[in-house]
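Hi everyone, thanks for coming. Please take a look at the sequence and the structure on the screen, and then I'll walk you through a few places in it.

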Amino acid sequence: MWMEKTPDGKFKYRERYTDPYTEKHKTVSVTMTSNSRQAANKAQRHLNEEISKRLSIKVEKSDTFKNVLDSWEIKYKHTVKDTSYWRNKWNLNIIRTFLTDDMIVKNIDTALIQKELDNLYYKKGYSLSVVKNCKSLIRIILEYAKERGLCENNPTDGIVIKRKALKYDDFEKIENKYLEKSELSKILNVLRNDFRSKRYADLTEFMALTGLRFGEAVALEYSALSEKTLMIDSTLDYTTRKSSNFYKTLPKTAAAIRRITLSDRAVDILQECQLENTLNESTRFREHGFYFTSRLGNPIAICNFNDSLKRAAKKADVPKHMSSHILRHTHISILAEKKIPIKAIMERVGHTDAEVTTKIYTHVTDEMQKDIVSSLNEIEF
């Protein structure tokens with residue numbers, strides 16, 4: 001350490017150190033009002049602390065993937081909905097099978113990530129969407145590490161996932177993504193008569209009549225309906241597997257917040273559900289103010305509902321993969337048959353991405369095929 005007197009009568013103490021990145025000499029300094037022994041000792045302590053702080057960055061450059069991930073997760077959890085967080089926890093578990101906790105972040109490179117993602121997709125049989133989600137998460141995590149100075153570049157920038165060569169088995173017919181009206185009628189008949197599941201039948205019919213997502217439908221409270229107008233501004237989030245642990249939350253996108261006009265039948269379903277809930281005298285039933293409830297008064301759980309749909313479809317001899325989402329697609333197909341403009345359909349169902357809506361809309365349904373034939377039969381030359 002050396003000292004220089006400044007023009008204003010103060011004393012600047014300096015110390016030299018070697019920058020660990022450039023290996024060049026640099027200096028740090030501190031100005032004191034005195035050149036006494038006490039001032040010199042205080043200046044030395046300050047300079048030593050400053051040099052240690054700058055050199056510690058080099059030590060952090062050797063941080064492990066686990067440390068970075070733990071730090072990133074704390075912030076990430078506050079930026080997404082709980083459902084998205086827990087869904088991505090599953091992807092993180094996949095990532096941690098090859099980006100292990102003890103790996104040094106600065107040593108993770110493009111070649112390693114590319115090799116492991118290729119292995120997931122081509123050898124282990126994970127879907128392209130899962131592999132892309134894993135890549136996206138890795139990119140976000142390493143971008144966080146880059147911002148902290150733990151790596152100079154984000155190695156995911158050079159990652160490319162090439163789709164496998166398509167086979168005939170890879171093509172899922174678009175008509176399998178929605179129900180024809182005759183198929184929906186068969187399933188409703190099984191739910192109402194064979195299974196005696198009126199509430200499940202009501203929810204099934206209501207979703208087909210409105211295009212609501214399952215979470216949007218079961219989150220509906222009595223106050224959402226005003227004459228024939230329905231306000232959709234929330235979804236239901238289950239934090240555990242128990243159907244009693246739920247809470248309302250905002251939908252995933254702004255486009256999902258919307259008002260729609262209901263048909264007479266859709267209004268009737270809601271009014272019937274509310275009346276039945278009000279008249280329920282069971283000691284086990286607890287009124288929460290939701291339309292579509294279980295026997296306990298809790299909103300219907302998606303796992304139970306999907307299971308009921310699958311069993312009903314099997315009994316009705318409807319050979320399609322059943323889940324609540326097929327009812328949303330069914331609503332789109334019904335509107336497409338009525339030649340409702342695609343923009344109006346997207347606004348009604350709260351879609352920002354037109355891909356699925358467009359595929360269903362452009363697909364000629366059985367009913368539209370009949371219309372085409374009828375029109376052709378009327379033509380004379």
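Let's start with β5 and β8, which pair in the antiparallel sense over 4 bridges. Before I go on, a word on the source: this is a predicted model, where local features need pLDDT of at least 70 and side-chain atom pairs count only at pLDDT 80 or more, while totals for chains, interfaces and linings use all residues. Residues are numbered from 1 along each chain as its sequence is written, and side-chain values use heavy atoms, with hydrogens and water left out.

Helices (H or I, at least four residues) and strands (E, at least two) are DSSP runs, numbered from the N terminus. Two strands pair if DSSP finds at least two bridges between them.

Back to our pair: Thr229 has Thr261 in β8 as its bridge partner. These strands belong to an open, antiparallel sheet of 3 strands in the order β4-β5-β8. Its edge strands are β4 and β8 (258-261), each pairing on one side only.

There is also an open sheet with the order β1-β2-β3, again 3 strands with antiparallel pairing. Here β1 (2-5) and β3 (25-32) are at the edges with a single partner strand each, so one side of each has no neighbour in the sheet. Between β1 and β2 (residues 11-18) there are 4 bridges, and Lys5 stands opposite Phe11 in β2.

Now for the helices. How do α3 (residues 82-95) and α5 (residues 128-147) cross? Their axes come within 10 Å and cross at roughly 85°; axes are lines fitted to C-alpha atoms, for helices over the stretch in contact, and angles run from 0 to 180 degrees between N-to-C directions. So α3 is roughly perpendicular to α5, a term for angles of 65 to 115 degrees. Contact means heavy atoms within 4.5 Å, and among the residues that meet are Trp90 and Leu92 in α3, with Leu137 and Ile141 in α5.

Finally, two loop residues. Arg196 is in the loop between α6 (181-194) and α7 (198-210), and its phi is near 55°, a positive value in a residue other than glycine. Is Arg196 buried or exposed? Arg196 is exposed (over 50% relative accessible area, with a 1.4 Å probe and protein chains only), at 71%. Glu227 lies in the loop between β4 (225-226) and β5 (229-232). Glu227 also has a positive phi, near 55°, and is exposed with a relative accessible area of 73%.

Methods: Buried means under 20% relative accessible area, exposed over 50%, partly exposed in between (1.4 Å probe, protein chains only). Angles under 35 degrees count as roughly parallel, over 145 as roughly antiparallel, 65 to 115 as roughly perpendicular and the rest as oblique.
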